[in-house]
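A short briefing accompanies the display.

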Amino acid sequence: MKNKFMLYFLRTKYLSLVIFLVLGALVRTNAQSNDKYLFHDSHFHITNFIQEGIEMEFYVDSIMGDKIGRSTVFGLPLQQQWSYRVTGEDAPTYYLDTDSPLYYYSFCDAWVAMQYKSLPKEKQERLDPMIIGFNVTDMYAADHIRRVLKTFPGVFSGIGEFSIHKEFVSAKISGDVASLTDPALDRIFEFAAEVGLPVLIHNDIDNPFPKPGKPNYLIGFQNLIKRHPNTTVIWAHLGLGRIIHPIEEMGTLFEEMLADPASKNLYFDLSWDETAKWLNYNDKSLERTAAIIKKYPDRFMFGTDNIAPDKTEKQLRVYHLYDRLWELLGEEVTYKVSKGNYEILFDDARIKVRAWEKTNIKTN
């Protein structure tokens with residue numbers, strides 16, 4: 001009996017050791033696989049403001065290639081109207097090309113889903129599609145998100161990028177004006193928490209030409225985060241824009257948010273060449289940014305915010321605009337910001353969203 005017990009013990013111990021070694025090898029292999037890439041892209045638009053773009057397989061093969069490991073992928077939730085009365089035969093391709101309004105365009109979600117589903121499994125694994133085709137002022141917006149998940153299970157990993165306050169854009173959108181206090185937005189955030197969908201949101205920190213004093217949209221944004229403690233929120237571009245420049249004491253305000261347990265669900269998106277412009281404005285702003293990221297290295301992610309590029313160089317250009325920041329951050333923190341934090345957030349999202357789909361979608 002004693003010998004049988006010892007044999008069982010040794011076999012169990014040996015099996016445990018084998019499992020441990022295999023898992024360790026898998027982790028190392030995965031880490032080595034990710035290390036060969038320069039970055040993961042947390043903010044990528046595959047179509048533009050007139051719903052034209054690039055094929056998803058072309059994006060994976062020719063744009064991501066061997067430089068970009070994983071990427072979110074979404075279109076733009078807004079369509080620029082071409083009004084012949086305004087521009088004649090000159091068709092606008094960007095929202096600044098015309099005074100005609102923008103309107104919400106829901107088909108973008110189906111287009112992204114069908115493109116994704118046409119890919120082989122190994123290419124799908126590198127992408128995290130996001131749902132964006134909803135009107136943020138509509139109480140039915142959360143129902144649209146639910147419907148998309150049920151129609152295309154196994155596809156989407158998050159919501160966004162959608163905008164609340166955005167320079168030059170918000171005032172052009174037909175219908176109601178988006179608001180941080182809108183119950184429709186609360187319904188979106190509540191449903192995102194239920195499913196486990198991260199929310200990528202664009203919200204300017206202030207007006208384009210602000211008056212002195214506290215930034216106009218910061219408190220409302222902070223309150224939104226605190227109202228939804230179970231929703232993972234990614235703040236696009238640090239709240240900056242083309243002319244939305246960093247406000248005085250912005251670093252202090254961000255540090256207070258990062259230190260506040262009530263905002264532990266908030267992450268910051270370092271994306272867009274315009275954001276790089278502000279961070280590189282002078283040595284002081286760059287050093288201050290690096291100091292905050294080094295203090296809270298798990299709360300920042302990098303993205304290009306490019307729109308349907310035709311070559312890899314356009315993606316790499318945005319990454320290298322942040323080279324001075326990467327140098328100040330050092331290798332370990334740069335890894336977290338450029339790859340590690342993406343993996344943690346979106347790997348977790350994939351698990352939660354797939355579990356929600358399994359529970360809530362009836363199969364024949």
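This is a predicted model: local features need pLDDT of at least 70, side-chain atom pairs count only at pLDDT 80 or more; totals for chains, interfaces and linings use all residues.

Residues are numbered from 1 along each chain as its sequence is written, and side-chain values use heavy atoms, with hydrogens and water left out.

**Confidence**
- The protein chain has a mean pLDDT of 90, with 90% of its residues at 70 or more; pLDDT is the predictor's confidence in each residue, from 0 to 100.
- Over residues 5-10 pLDDT stays under 50, and the model has zero contacts there beyond four places in sequence, a contact being heavy atoms within 4.5 Å.
- Over residues 25-32 pLDDT likewise stays under 50, and the model has one contact beyond four places in sequence for them.

**Backbone geometry**
- Most residues other than glycine have a negative phi, and most peptide bonds are trans.
- Gly160 and Glu161 are joined by a cis peptide bond with omega of about 5°, and Glu161 is found in strand 7 (residues 158-163); helices (H or I, at least four residues) and strands (E, at least two) are DSSP runs, numbered from the N terminus.
- Gln51, although not a glycine, has a positive phi of about 60° and is placed in the loop between strand 2 (44-45) and helix 2 (56-64).
- Gln51 counts as buried at 18% relative accessibility, where buried means under 20% relative accessible area, exposed over 50%, and partly exposed in between (1.4 Å probe, protein chains only).
- Phe168, also not a glycine, has a positive phi of about 70°; Phe168 is found in the loop between strand 7 and helix 7 (183-195) and is partly exposed, with a relative accessible area of 37%.
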